[in-house]
Amino acid sequence: MNTLTGYLRQAGTAVRFLLFATLVLGVAYPLAVFGVGQLIAPYQANGSIIKDSAGTPAASALIAQASANDAGAQDPKWFHARPSAVKWDPASSSASNLGPNDPKLLDAVAANRAAVASAEGISEQQVPADAVTASGSGLDPDISPAYAKLQVPRVAAARHLSADTVMSLVNKHTTGGLTAFLGQPSVNVTALNVDLAAASPSK
Amino acid sequence: MTFNTASFVIQVAALLIVLAALHKPFGIYLARVFEGTTSSRPERLFYRLAGIDAGTDQTWSVYLRSVLAFSAVSILAVFGLQRLQGVLPGSGSLPGVDPWIAMNTAISFVTNTNWQTYVPETTVGIFVQMCLLAVQNFLSAAVGIVVVVALIRGIARTRTHRLGNFWVDLARTSFRILLPIAFVAAVVMVLGGVVQNFWSTDVTNQAAGISQSIPGGPVASQEAIKELGTNGGGYFNANSAHPFENPNALISFFEVFLILLIPSALPYAFGRMVGDQKQGYTVAAVMGTLWLASISLMGWAVASGQGAATAAAGGLGEGFEQRFGPVPSAIFATSTTLTSTGAVNVAHDSLPPLAGGVAMVNMMLGEVAPGGTGSGLYGLLILSIISVFIAGLMVGRTPEYLGKKIGPTEMKLAAMYILVTPTVVLALAGITVLIPDAMANAPATGPHQFSEVLYAFTSGANNNGSAFGGITTSGPFLSVMMGLAMLLGRFLPIVLVLALAGSLARQGKIPASAGTVPTHGLLFGGLLLGVTVILTALSYFPALALGPLAEGLLK
């Protein structure tokens, strides 16, 4: 009986502790971070939204965008992001979670390799690993510089731009410096495509 | 993707240097918080509102009762309010959470596991994320810390039944340690690109000619405590691989730093509180050595690029984010599994087999290098007691630890602690393997299927929360099994640790004699390291051989 009343008294304290701690940790704290974030870094705090040449929000610079139509056909006028387990849907996120020896993964890699090789008009051996593997988030906005370079001739031809013009845009969106050393050099396809549209608005 | 060894070595060294530089000043701060006797004005207001008598010093059994009552109330509250999501504000049009998922998630966040059987994007709204899950990120981390503080007091105090006041310890840990650091860390994350707002943004995707909704939410505030409190439950399904949780390699490095910050400073606080700094240094050195050995092994296993699919792809890539690549992923994967964090910036399921195996071994070690907030240190202190016992057997003396006799009672408690988690992992994984319907939730084939199940229960019972994500545990059977693993793996050890703390506190201090095995220095550190590794190997080797070792070595 003593133990039971002891537990009940403790539970009463627990309820009140949880309630008031929630006001501090679950309401005041996130609101304070929100306030500071909106004040000093509104661009980042609101999802790094970039706009097209008309000023309309076009993308988050951090989130991959689909460049395929409903039937799954890739549009040659755009740089293509890495394969995605969630079809680049920003309302979800996931990896394939297939094991390193999974036959389903082997099939997916082979299919991706054939598709990229035919889209770029190159041999299958030239396709880099990031172009045939699904990312961890399904929303990876970046590709390797090698994969970007492979896509330059196709995009340039489809847009009637010189390869040099397109390549200079690729270079502009290639990371360097510390983040590239800590991670690896990457080309942000989402931001690149928004810039590309501005450079050749005719589509 | 290629493994840049120079980048790997520099980042590992940088982490060691930064943490070594901070562990003393931060450890002193921690000890001051735990030993403080005065309360600030807001704290006194908080105690009055919550009905806490800050002057009470609790016995171990009352302290335990407080831990259990608080955790039970938290589980019920997180469960109930998830079920009511449909009528609560700030949840958009999301309905109440499925009962099995709500139960699993409530246990998961209160036990500091943060196993995510729910898909955040489609299951939980801002209210649940911010007012339930993120709050438990703070409080479950604080519970782990106060339990080790009670154990340290049990070692340091003599001839007393009193171990401190759970409620005061919990409030101080939450408000003086976790909250200020989390706030600064969250602001740093926002600057780095992590989202913190309360709305989504519609954008027009020109490439596909469609309109899309870019999600928002209080992500940075949750991300900061998720790492600092070694929790690991992500705002998004992809966790720290999601660009909004972890936008670049610099933030990824910062997240690993946050994960390791508190666990690596607690040994210094321990040394200070028991009045023998060498004890703290020895424990910290053992943690550091294990971390360094494991991260080297992980780096090697990732760089090996083993696996038929990896070979077919022409290199690593599946499950990796391009902005990170193999180096930040290997560093993150090691640090998240050697602590009780379980956040991931790479899909562990797709890692080369032996790299996945290293992640499992890290958890099986009991997550002691440097371990979860509080739980890592109490795990290693129990292993220290086992080590002095073994050393005592070798020299034929009654073992002592820091002036306290390790008698039959203490040894029984320590031995049970060591047995609890492996028993839970192997029994529950074993039962699951026998049920074909349950195994259908792990769609992989061959040894990898067993690995997915073994990883899940290892992660659950060690309160880690990372996963081989191919497995689906949202159905009733696996929700309950994982719920059991998390509950037993969290609270049985806590019962044993607090009982041990009570039994040590009652003793007087015996002066060290010629027969006392010193519990500091290279010899003891080596012994402790050996005991930790050998106990793990004995418990888990057969299971590991059927999973990652079979997949990694037989190909």
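## Domains of chain A

Domain bounds, as used here, come from an automatic or database domain assignment. In this predicted model, that assignment divides chain A into domain 1 (2-42) and domain 2 (47-199). The C-alpha centres of these two domains of chain A are 43 Å apart.

## Contact between the chains

Chain A contributes 89 residues to the contact, and chain B contributes 97 residues. On the side of chain B that touches chain A, helix H7 (residues 166-192) of chain B supplies the largest share, with 8 residues. By type, the residues on this side of chain B comprise 53 nonpolar, 35 polar and 9 charged.

## The largest nonpolar core

The largest nonpolar core holds 246 residues, and those touching the most other members are B:Val147, B:Leu151, B:Val497, B:Leu498 and B:Ala501. Helix H6 (residues 126-156) of chain B gives the most to this core, namely 23 residues. Chain A also takes part: domain 1 (2-42) and domain 2 (47-199) each provide at least three residues of the core.

Beyond its neighbours within four places in sequence, B:Val147 has contacts with B:Val67, B:Gly374, B:Tyr378, B:Ile494, B:Val497 and B:Leu498.

## Helix H6 of chain B

Of the 31 residues of H6(B), 30 are buried, so this helix is largely enclosed by the rest of the structure. A kink of about 25° in H6(B) is centred on B:Gln136.

The length of H6(B) can be checked against expectation: at 1.5 Å a residue, its 31 residues should span 45 Å, and the distance of 44 Å between its end C-alpha atoms agrees with this.

Note on methods: Residues are numbered from 1 along each chain as its sequence is written. Chains are lettered from A and ligands numbered from 1 in the order in which they are written. This is a predicted model: local features need pLDDT of at least 70, side-chain atom pairs count only at pLDDT 80 or more; totals for chains, interfaces and linings use all residues. Two residues are in contact if their C-beta atoms, placed from the backbone, lie within 7 Å. Helices (H or I, at least four residues) and strands (E, at least two) are DSSP runs, numbered from the N terminus. Ala, Val, Leu, Ile, Met, Phe, Trp, Tyr, Cys and Pro count as nonpolar, Asp, Glu, Lys and Arg as charged, and the others, Gly among them, as polar. A nonpolar core is a set of buried Ala, Val, Leu, Ile, Met, Phe, Trp, Tyr and Cys residues joined through C-beta atoms within 7 Å. A residue is buried if 20 or more other C-beta atoms lie within 10 Å of its own, exposed if 12 or fewer, and partly exposed in between; C-beta atoms are placed from the backbone. The expected span of a helix is 1.5 Å times one less than its number of residues. The bend at a residue is the angle between axes fitted to the seven residues ending there and the seven starting there.
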